[in-house]
Each structure stands twice: as structure tokens, then as C-alpha cells.
Amino acid sequence: MSDLAKQPGHLKKAPENFLSDGQIEAVAAGRRDFLRKSFLAAGAAMAAPLAARAAEQGDPNILNLPEWSTTLGKPVATNPYGMPSKFESQLLRRESPGLARVGGASVSFCPLQGLFGIITPSGLHFERHHQGWQDVDPTKHRLMVNGSDESLLKKPKVYTMDELMRLPPVSRIHFIECGANTGLEWGNVAVPTVQYTHGMLSCSEFTGVPLKTLLEDCGVDYKKARYVLAEGADGSSMTRTIPMEMVESGEVIVAYGQNGEMLRPENGYPLRLVVPGVQGVSWVKWLRRIEVGDKPYATKDEAVHYIDLLPNGLHRQYSSIQECKSVITTPSGGQTLLNKGFFNVSGVAWSGRGKIKQVDVSFDGGINWKTARIEGPVQNKALTRFNVDWVWDGKPAILQSRAIDETGYVQPTYGQLRKVRGTKSIYHNNAIQSWKVVESGEVTNVQVL
Ligand code: MTE
């Protein structure tokens with residue numbers, strides 16, 4: 001046991017996890033092994049001129065010209081829709097071997113450990129479907145906007161995609177996080193990699209029409225209509241209540257675009273709701289109906305599911321905002337540090353209440369903190385990338401990040417969060433994540449209270 005692990009009361013190591021050794025190996029095989037590759041040649045060799053270094057090391061990769069560099073390359077449009085290099089084929093969204101799949105009701109996690117910056121490539125955006133996904137014909141898709149009674153909305157309308165796409169659009173970068181992200185950790189179950197602890201999280205540039213524009217086009221009466229019901233067209237009967245203040249702010253978007261192209265079918269093509277800062281379930285996909293009403297709708301997905309059981313036996317309902325949170329993505333669980341020396345520690349932070357103001361990183365399990373560099377420009381309700389320098393001395397370490405948003409909210413420890421929320425929740429776990437590094441360089445998931 002490491003010195004840090006021995007500290008009384010400070011470290012509670014999570015039970016290894018719920019997977020068998022074989023399953024853990026399978027999961028770990030999917031990691032990006034960049035740490036192994038990148039730091040081999042670092043250090044003293046850096047200063048030597050390239051030619052001298054090559055001769056000194058006899059490295060065939062620099063001394064011998066590969067055949068491809070002296071022949072014709074492949075012609076343009078060999079791949080009319082560009083794909084990642086075959087050498088990146090392990091960077092995939094993955095289903096957790098620990099979660100049961102019930103028909104199409106499943107989730108695939110985003111490989112956060114292999115991503116840079118803040119934008120999630122559309123093909124790696126996490127997926128969560130309650131009844132599977134469809135590739136919907138946009139020429140047949142319609143959006144109906146109506147009121148629960150006539151006095152709330154004067155001119156109910158049915159829009160075609162063409163009609164929606166003629167209206168003035170906005171494009172904004174926002175994160176989407178499933179309320180259940182990091183849910184397994186409530187019960188002190190240490191899931192092995194960041195893909196599974198935090199991978200129900202993605203960030204894209206979304207393009208579409210503010211919902212406000214459509215409601216005003218249909219003659220909404222904001223004094224009476226204080227809630228919106230959003231309904232999806234898939235078999236899950238997904239319906240969620242959105243408070244009208246969010247719509248009036250102009251932030252809620254009826255989106256058709258994602259990262260410069262149409263939405264991907266798995267993410268709701270051709271139309272989805274974007275509700276910045278709010279848990280993913282309200283981002284209704286394959287959006288077919290918006291109704292305005294004068295009270296919350298208490299649908300199955302807000303009365304039975306997506307509620308938080310509290311220690312006193314009561315539950316919280318409509319707890320939609322994703323509070324300030326962060327996670328170190330490299331190094332993270334399942335990766336191995338090759339040897340001691342310099343590392344760039346990198347991660348993402350986000351808040352459903354606005355912009356990220358500061359991220360602190362600890363290398364000793366939360367005793368000392370160092371402020372990280374934030375890579376700007378910082379966007380509202382979007383992922384924010386942070387980096388921090390670290391020189392690893394080869395001794396056991398516990399890496400943590402702690403985000404603070406523009407409202408002054410500080411990301412809690414597990415101890416602080418459990419004190420208020422208990423341990424019976426599934427949703428809204430925004431506690432500080434800890435990665436333990438041992439002398440061999442292996443990184444694992446532990447919980448520090
Ligand atoms: N909308 C419909 N119509 N059906 C669904 O199953 N899943 C919700 C939400 N919108 C869902 C839906 C949930 S629980 C989440 S977390 C997000 O979509 C996931 O969005 P994504 O699959 O684009 O990542």
C-alpha cells in the first residue's frame with residue numbers, strides 16, 4: 001500500500017470495481033496509449049540537433065525514407081467523407097461491459113481520454129437512447145407547436161424542416177451531459193476509465209432556431225404560458241418540461257446542425273432540442289412537438305425517472321441543472337506513466353450555470369492545490385479545457401481537479417456531496433474525481449472523501 005493510501009481517514013479506496021479481470025483488460029485495451037509513446041524521447045535528447053540525434057540513436061524511422069514518401073499518394077476524394085486514420089481505430093465510443101443493454105435502451109460512452117480541446121467529433125458524441133435510434137426522413141419530419149389551451153398560444157402551427165431552416169439561425173457551443181453521468185460512483189464503485197466515469201458528456205457547436213422565435217411566431221402569451229413540454233418522435237415517448245424563463249432567455253434552440261453539418265441520426269437527426277446547462281434528458285431528440293402550458297407536466301421522465309432520492313427519504317424533482325464539475329482526462333484510469341519527469345496534465349471543466357472561472361489541480365489527494373491554465377476563449381455552458389504542468393517524482397500521487405464557475409460555486413468533494421445527497425442517487429454526481437498513480441506509473445480510479 002502506498003504512503004498516501006495509508007493516511008488514516010483521508011483515502012477510501014473504492015472496491016476494485018464490478019468487472020472481472022478479463023473485462024478490465026478488454027476495457028484498458030481500448031485506451032489511447034499516448035503516454036507510453038510520447039515521453040520516451042523527452043528530456044536530454046531534446047536539445048541535440050536532429051541529425052546528430054538520429055545518427056546517435058540509429059533510429060530507422062528517421063534514417064530510412066519510407067517508400068510512400070517517394071511515390072504518388074492517394075487521389076483526392078478517395079474518401080468523399082473523410083474518416084480518421086486507421087491508426088486511430090481504437091478511439092471509439094463504447095458500451096460499458098458492466099451495464100446491461102435492454103433492447104435499444106442503452107448508452108455508449110465518449111472516449112474523453114483521447115480528445116483534445118473542447119469540441120467532441122460528431123462520430124464520438126456519446127449516445128443515450130431509451131428506445132434505440134432511427135434515421136428519420138427529413139422531408140417527412142414535422143414539428144408541431146401548440147398550447148395546452150388556446151389562450152396560451154394563439155396560432156398553433158406545424159413546421160416542415162424547410163420552413164424551420166428558412167428562419168434566422170444561431171450557432172452556439174454547449175456541453176451536453178446525461179444526468180446519470182458518473183452515476184455508478186455514487187455507490188463507491190470504481191469504474192476503471194474516464195470513458196466510463198465521465199463519458200456521458202460531449203460538447204458541440206449546435207445550429208438552429210431559438211425556440212423563442214417559434215413561440216413568438218405562434219403568438220405565445222408569456223404571462224400565461226410559463227412552461228414548455230418537449231416531445232420526441234421515437235418509441236420512448238420522451239417528454240420533458242422546460243421552464244419558460246429558459247426559453248425567454250433565448251438560449252433554448254430547436255437545432256438541426258451539429259459541428260457544421262446536420263445532426264447525426266444517433267443525436268436526433270433531423271431535429272433536437274438544445275437546453276444549455278440542463279441535463280441531457282431534456283435535450284429531446286427527433287423533436288416533433290412543443291406544447292406551452294401553465295404548469296409543469298410531471299411526465300414519467302420527470303416523476304418516476306430522473307429524480308434524486310435524498311437521505312431523509314424524500315426525492316428531488318426537476319433537478320435539471322448540471323452543477324459545476326471537472327475531470328482530468330490525461331492521465332486517467334487505465335493509462336500508465338512511462339517514467340518520471342514532465343507531464344502535461346489535462347482535463348475539462350463545465351458548469352450548467354455559466355462560464356468556468358478557475359480550475360485547481362492537486363497531486364496529493366486534495367491537500368495542496370495549483371491553479372491550472374484555462375484555454376480560452378471560455379464559452380457559456382460549454383466544456384473548458386485546462387492544462388497544468390507536473391513533474392512526477394516517481395512516487396505515489398493522487399491527481400484531482402476542482403472547478404469553480406462564475407457564480408462562485410466550488411465543485412464538492414465526495415464527502416461534501418454525500419453529506420447533502422446521501423448515497424442512493426443515480427443522477428447529478430459532480431464530485432471531485434481522483435486518479436491514483438503508483439510507482440509503476442499505473443493510474444487507477446479511487447475515491448477520496
Ligand atoms: N430524446 C428522445 N426522443 N429519446 C431519448 O431516448 N434520450 C435523452 C435525450 N433525449 C432521449 C432523448 C437522454 S437520457 C440523453 S442523456 C440525451 O438525449 C443524449 O443525447 P445524445 O444521445 O445525443 O448524446
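**Close-up views of the predicted model**

**Legend 1. The loop that carries Pro-270.** Pro-270 lies in the loop between strand S11 (261-262) and strand S12 (272-274), where strands (E, at least two residues) and helices (H or I, at least four residues) are DSSP runs numbered from the N terminus. This is a predicted model, in which local features need pLDDT of at least 70 and side-chain atom pairs count only at pLDDT 80 or more, whereas totals for chains, interfaces and linings use all residues. Residues are numbered from 1 along each chain as its sequence is written, and side-chain values use heavy atoms, with hydrogens and water left out. The peptide bond between Tyr-269 and Pro-270 is cis, with omega about 10°.

Legend 2. Most residues other than glycine have a negative phi, and most peptide bonds are trans.

**Legend 3. The shell around the ligand.** Around the ligand there are 22 residues, of which Phe-126, His-130, Asp-234, Arg-272 and Lys-285 come nearest; a residue is counted here if one of its heavy atoms lies within 4 Å of the ligand. Strand S3 (residues 127-129) gives the most to this shell, with three residues. By class, the shell divides into nine nonpolar, seven polar and six charged residues, with Ala, Val, Leu, Ile, Met, Phe, Trp, Tyr, Cys and Pro taken as nonpolar, Asp, Glu, Lys and Arg as charged, and the others, Gly among them, as polar.

Legend 4. Polar contacts are pairs of N or O atoms within 3.5 Å. A ligand nitrogen is 2.7 Å from a side-chain N or O atom of Asp-234, and a ligand oxygen is 2.7 Å from such an atom of Arg-272. For the side chain of His-125, the distance from an N or O atom to a ligand oxygen is 3.3 Å. The ligand taken alone exposes 530 Å², and the protein buries 100% of that, by the Shrake-Rupley method with a 1.4 Å probe.

**Legend 5. A salt bridge between Arg-226 and Glu-248.** The closest N and O atoms of the salt bridge between Arg-226 and Glu-248 are 2.9 Å apart, the criterion being a side-chain nitrogen of Lys or Arg within 4 Å of a carboxyl oxygen of Asp or Glu. This pair links distant parts of the chain, 22 residues apart, with Arg-226 in the loop between helix H8 (211-217) and strand S8 (227-232) and Glu-248 in helix H9 (residues 244-248). The whole structure holds 21 salt bridges.

Methods:
A polar contact is a pair of N or O atoms within 3.5 Å; within protein, one must be able to donate a hydrogen and the other to accept it, and residues adjacent in sequence count only if both atoms are side-chain atoms.
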